[in-house]
Amino acid sequence: MRESVVGALVEASMASSAAAAMVRVVPGSQSDQAAEPAVHDKTLTADEYAQQALEKLFASPLFASSDAELGKAEQQVADLTVTSGDLTFGDETSDEVSLDGLQEELENLQGQQMIANILGQGSQLREYASDVEEKLRQVELESIQDYMKESDNLVSLHAKIRECDTILTHMESLLGGFQADLGSISSEIKNLQEQSMSMGIKLRNRKVAEVRLARFVEEMVVPPNMIDTIVDGEVNEEFLRVLQVLSKKLTYVAENSTTKDYAALRDVIPEIEKLRIKAVSKARDFLMQKLYALRRPKTNIQILQQNVLLKYKYVATFLRTHGQEVFPEIRAAYVDTMNKVLSAHFRTYIQALERLQLDIVTKSDLIGVEDTGTRSPGLFSRAREPLKNRAAVFALGDRALVLKEVDEAAIIPHIAEASGHKYPYEVLFRNLHKLLMDTATSEYLFCSSFFGEDAIFNEIFAGPFAVIEEHMTAVMPNCYDAIGLLLMIHLTYQHQLIMSKRRVPCLDSYFDKLNLVLWPRFKMVIDMHLSSLRTANARTLWEDDVRPHYVTRRYAEFAASLLHLNVNYGDGQLDLNLERLRVAVDDLLVKLSRMFRQQKQQTIFLINNYDLVLSVLKEAGTDGGKTQQQFEELLKSSSTVFVEEELREHFMPLIQFVKTRAGEDAAAGTSNAQPITIEEVEPLVKDFAARWKGAIEIMHKDVITSFSNFVCGMEILRAALTQLLLYYTRLSDSLKRVSDGASLGKDVVSIPSIMYEIKKYSRTF
């Protein structure tokens with residue numbers, strides 16, 4: 001019984017929820033919203049159920065006529081007839097109630113207050129269901145009354161909807177008309193656009209045709225003034241302008257071969273050809289006349305080229321393009337003219353320079369050759385060869401100034417000859433190549449501008465190059481001046497730099513050939529000097545004189561000159577040749593020194609010669625490099641030998657004692673060492689005390705007379721006295737270790753006394 005009551009309560013709760021969900025129409029609303037009735041049929045949605053209710057409502061007698069009004073009773077009857085059957089929730093007599101899952105549903109609904117109240121009252125299920133059904137019917141009737149109250153609004157809404165539909169239909173027809181009109185306008189615009197494009201294409205084609213036709217007419221028409229200028233006019237600026245116009249017409253005819261079939265062109269071509277022939281003939285005559293002017297004596301070629309030929313260079317350009325039958329003739333005439341003119345000019349200039357040449361060095365002017373000239377006695381100088389400016393044979397002097405004047409103007413021969421000046425060959429070499437560079441630069445630039453080609457330069461200068469090479473071929477075999485050759489090599493290098501700065505490459509091959517002539521000749525002359533030293537006869541060259549030999553002076557001046565010229569160039573081959581010369585000179589000096597009988601004289605001779613070489617190298621003001629370093633070492637070793645020999649000559653017992661007995665005394669701890677006795681040192685002390693001042697004076701005089709260089713002699717004397725002081729100091733130290741050595745105190749010379757004497761001689765510097 002309790003389970004039946006719970007099931008009835010669940011159904012009543014569900015019915016109550018459906019009734020509460022029913023929507024009413026709100027009175028006074030402009031939009032007159034329609035409510036949705038409650039849903040009893042579980043197979044329909046809320047929207048579907050509301051639609052069915054409205055359809056039944058409008059189909060009832062209440063809405064049957066818009067003109068008649070129904071009474072209240074009839075409205076209620078109609079409303080109840082239409083809607084009463086829809087409020088039935090189910091068949092009351094049905095006993096088929098499923099209780100499956102009831103317990104689970106009760107557990108889930110324990111929290112709801114309504115269920116709890118129903119279960120708590122304990123009333124009968126049917127009574128409660130009837131009560132609920134009655135309430136639902138009452139709610140339904142109230143809802144229907146609300147719908148009926150709003151019927152006028154619904155009718156008005158329906159009329160407004162129909163009116164809006166009519167207006168929208170009219171708007172639709174208007175918009176359709178507008179759409180049709182727009183389509184017609186679009187087609188018209190498209191048609192106009194196509195017509196505009198067609199007209200634009202036609203306009204462009206006509207402009208192109210107009211341009212081509214205008215050019216054709218312009219190129220084909222031969223003005224009368226052009227004919228008059230070419231046929232009867234002079235070659236002037238107007239003639240050049242007409243030539244340019246004629247050149248354009250000829251070029252147009254040649255490039256447009258397809259137009260030769262035109263009737264107008266066939267009529268004009270013969271006339272244009274006649275004008276071309278006439279223009280070529282007149283241009284040829286004009287240029288040949290100017291070229292013949294170049295052959296006239298004393299003609300300034302560069303002025304004629306710059307002021308006349310370059311002014312009318314388009315004449316040559318016209319002939320090169322349209323007068324190929326005569327252009328080679330013009331070119332050949334110019335090449336022949338300039339070749340002969342420039343060759344004659346260079347030959348004349350070379351002959352004038354040869355009269356200014358100063359001969360300095362001959363074949364016999366070698367370092368190791370015997371001096372056969374007269375000799376003048378002197379303390380610091382030796383004899384010189386007969387003067388042909390002999391000072392410049394091995395010495396550089398001011399000859400290096402030519403390297404600073406490399407870009408100076410060339411000598412004017414007749415002015416220099418009138419003044420009586422003579423110049424070494426390297427000066428003449430610079431002037432000749434200065435003229436060559438200036439002439440070649442001017443001619444190269446002129447040919448490039450006038451003829452439009454560079455190859456013509458080599459043809460023009462074939463003659464001048466031949467003249468210069470002939471001159472060099474005659475000079476080089478007789479050139480034995482190594483300094484002059486090295487100066488010419490450096491001048492050639494400077495000339496190459498100048499042409500490179502000018503950006504004119506026309507003399508590159510010539511300078512390369514010139515280097516191939518100068519370097520082998522320089523190497524040959526160096527080898528001749530080297531051979532003269534190696535094959536020199538020491539007996540022939542030797543003189544019984546310890547002063548510097550003239551061969552040494554020659555070598556010193558020659559080496560200093562080459563080293564000075566090589567400062568800024570750093571040629572390794574030259575350094576190698578200098579080293580070979582140094583070895584040969586050193587060997588020859590050793591041979592000459594052995595000709596002296598005394599060892600002391602041999603040493604003095606070597607010192608004097610080594611010192612001379614160093615003095616000359618230092619006087620040149622350049623770093624002697626390895627050469628100077630080698631001679632400094634030789635001088636130092638020879639000076640050491642001389643000091644020992646000089647001291648042995650005056651203090652031999654003292655030196656022997658110091659080197660033998662003083663050394664043994666220092667090692668007295670050994671078993672073989674014997675103590676020094678007073679008998680050994682007493683003679684040495686007394687002898688030194690008696691002779692030391694006189695010996696020093698003799699040494700001073702000997703140094704003064706033996707060495708040519710006073711400064712070098714004083715350095716050697718100071719070294720000798722210092723070494724003497726060292727020997728005597730060691731003797732004094734040994735004397736302190738001798739028994740009864742104090743008895744010799746009166747004979748012992750004090751160290752300060754010796755130092756004072758050394759300082760006295762040092763003040764003579």
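The cavity count for this chain comes to 6, taking those of 30 Å³ or more. The model is a predicted one.

**Cavities**

The largest cavity has a volume of about 60 Å³. Its lining consists of Ile350, Leu353, Glu354, Gln357, Tyr425, Leu428, Phe429, Leu432 and His471. Two elements, helix 13 (327-354) and helix 16 (425-450), each give at least two residues to that lining. Helix 16 supplies the largest share, with 4 residues. By residue class, the lining of the largest cavity splits into 6 nonpolar, 2 polar and 1 charged.

The second largest cavity holds about 50 Å³ of space. Around this second cavity sit His650, Phe651, Pro653, Leu654, Leu684, Asp687, Phe688 and Arg691. Helix 25 (625-666) and helix 26 (678-706) are the elements that give two or more residues to its lining. The classes here are 5 nonpolar, 1 polar and 2 charged.

**The chain as a whole**

What secondary structure does the chain contain? There are 28 helices and 0 strands. The chain has 765 residues, and 41% of them count as buried. Take the contacts between residues at least 6 apart in sequence: 79% of these join residues at least 24 apart.

**Aromatic pairs**

How many aromatic pairs does a search of the whole structure find? The search gives 22. Two of the pairs are set out below.

| Pair | Centre to centre | Angle between planes | Class |
|---|---|---|---|
| Phenylalanine 394 and phenylalanine 558 | 6.4 Å | 80° | edge-to-face |
| Phenylalanine 450 and phenylalanine 451 | 4.9 Å | 80° | edge-to-face |

Why is the pair of phenylalanine 394 and phenylalanine 558 edge-to-face? The planes of these two rings stand at 80°, so the pair falls in that class; the cut-off for edge-to-face is an angle over 60 degrees.

Phenylalanine 394 lies in the loop between helix 13 and helix 14 (401-404), while phenylalanine 558 belongs to helix 22 (residues 550-565). The pair therefore ties together parts that are 164 residues apart in sequence. Are these two residues buried or exposed? Phenylalanine 394 and phenylalanine 558 are both buried.

The other pair in the table joins phenylalanine 450 to phenylalanine 451. Phenylalanine 450 counts as buried because its relative accessibility is 3%. Phenylalanine 451 counts as buried because its relative accessibility is 1%. The cut-off for buried is under 20%.

Ring pairs also build a cluster. Which residues does the cluster link? They are Tyr444, Phe457, Phe461, Phe465, Tyr510 and Phe511.

**A buried asparagine**

Asparagine 577 has its place in helix 23 (residues 572-593). Its relative accessibility is 3%, so asparagine 577 counts as buried. What is asparagine 577 in contact with, leaving aside its neighbours within four places in sequence? Its contacts are Lys523 and Ile526.

Terms used:
Residues numbered from 1 in each chain as written. Predicted model: local features only at pLDDT ≥ 70, side-chain atom pairs only at ≥ 80, totals over all residues. Heavy atoms only, no water. 1 Å grid on protein atoms, 1.4 Å probe; cavity = no way out; pocket = protein on both sides within 12 Å on 5 of 7 lines; lining within 4 Å. Points joined across faces, edges and corners; volume = space filled by probe spheres on them. Nonpolar A, V, L, I, M, F, W, Y, C, P; charged D, E, K, R; others polar. Buried < 20%, exposed > 50% of the residue type's maximum accessible area, 1.4 Å probe, protein only. Contact = heavy atoms within 4.5 Å. Phe/Tyr/Trp six-rings, centres within 6.5 Å; stacked < 30°, edge-to-face > 60°.
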